[in-house]
Amino acid sequence: MLAEITAVHPVLLAHDVAESLAFYARFGFTEAFRDAPPVPRYAGVRRGAVELHVQWADPGQWAHAGDRPAYRFLTSDVDALYAEYVASGALQPGRSEGPYAAPAATPWGTREFHVRDPGGNALQFYRPLRMGGAPAA
């Protein structure tokens, strides 16, 4: 019998962990832990059942800013989440670039929007669509 895996906690690299903690707080995440106040090098944040870890990394560890993986967050309502982030000031419409800076339908059957955190990590908030573009039940 295989052991059950109950969660995954991605570790996102950051140039400044405290700055990243402040960023995630604006997105509704609460601090779960930090290794060393006031200048943490490793910390965790939570929003509901989702937990992310943030770790300090020297900029030389990544050859190119685009080397960061994308982290995809499944949400029940992409538009409501986007509106929440705009209302809180976490996002400012028109200040982000790219085809998914605001919620939009994708060719691969989702509705999503994308954000980059201060460390350059790509965050993608999405919801699958039904045939014809209606949200899945």
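User: In which strand is the place of Arg127?

Analyst: The model considered here is predicted. In it, residues 122–128 form a strand, and Arg127 has its place among them. The strand is S8.

User: Which side chain of opposite charge is nearest to Arg127, and how far away is it?

Analyst: Arg127 is buried, yet it has no salt bridge. A salt bridge would require a side-chain nitrogen of Lys or Arg within 4 Å of a carboxyl oxygen of Asp or Glu. The nearest side chain of opposite charge is that of Asp77, at 6.8 Å.

User: Which backbone oxygen does the side chain of Arg127 reach?

Analyst: The side chain of Arg127 reaches a backbone oxygen at 3.3 Å. That oxygen belongs to Ser76.

User: Which element gives the most residues to the lining of the largest pocket?

Analyst: The largest pocket has a volume of about 300 Å³. Of its 17 lining residues, the closest to the centre are Ser96, Glu97, His114, Val115 and Arg116. Two elements give two or more residues to this lining, helix H1 (17–26) and strand S7 (110–116). The most, three residues, come from S7.

User: How many residues in the lining of the second largest pocket are nonpolar, polar and charged?

Analyst: The second largest pocket has a volume of about 160 Å³. Its lining includes Phe29, Arg47, Arg72, Thr75 and Phe125. Strand S5 (70–74) supplies the largest share, three residues, and helix H2 (78–88) supplies at least two. By class, the lining divides into seven nonpolar, one polar and two charged residues.

Definitions and conventions
Residues numbered from 1 in each chain as written. Predicted model: local features only at pLDDT ≥ 70, side-chain atom pairs only at ≥ 80, totals over all residues. Heavy atoms only, no water. Helix = DSSP H or I, 4+ residues; strand = E, 2+ residues; numbered from the N terminus. Buried < 20%, exposed > 50% of the residue type's maximum accessible area, 1.4 Å probe, protein only. Lys, Arg positive; Asp, Glu negative; His and termini not counted. Polar contact = N/O pair within 3.5 Å; in protein donor to acceptor, adjacent residues only side chain to side chain. 1 Å grid on protein atoms, 1.4 Å probe; cavity = no way out; pocket = protein on both sides within 12 Å on 5 of 7 lines; lining within 4 Å. Points joined across faces, edges and corners; volume = space filled by probe spheres on them. Nonpolar A, V, L, I, M, F, W, Y, C, P; charged D, E, K, R; others polar.
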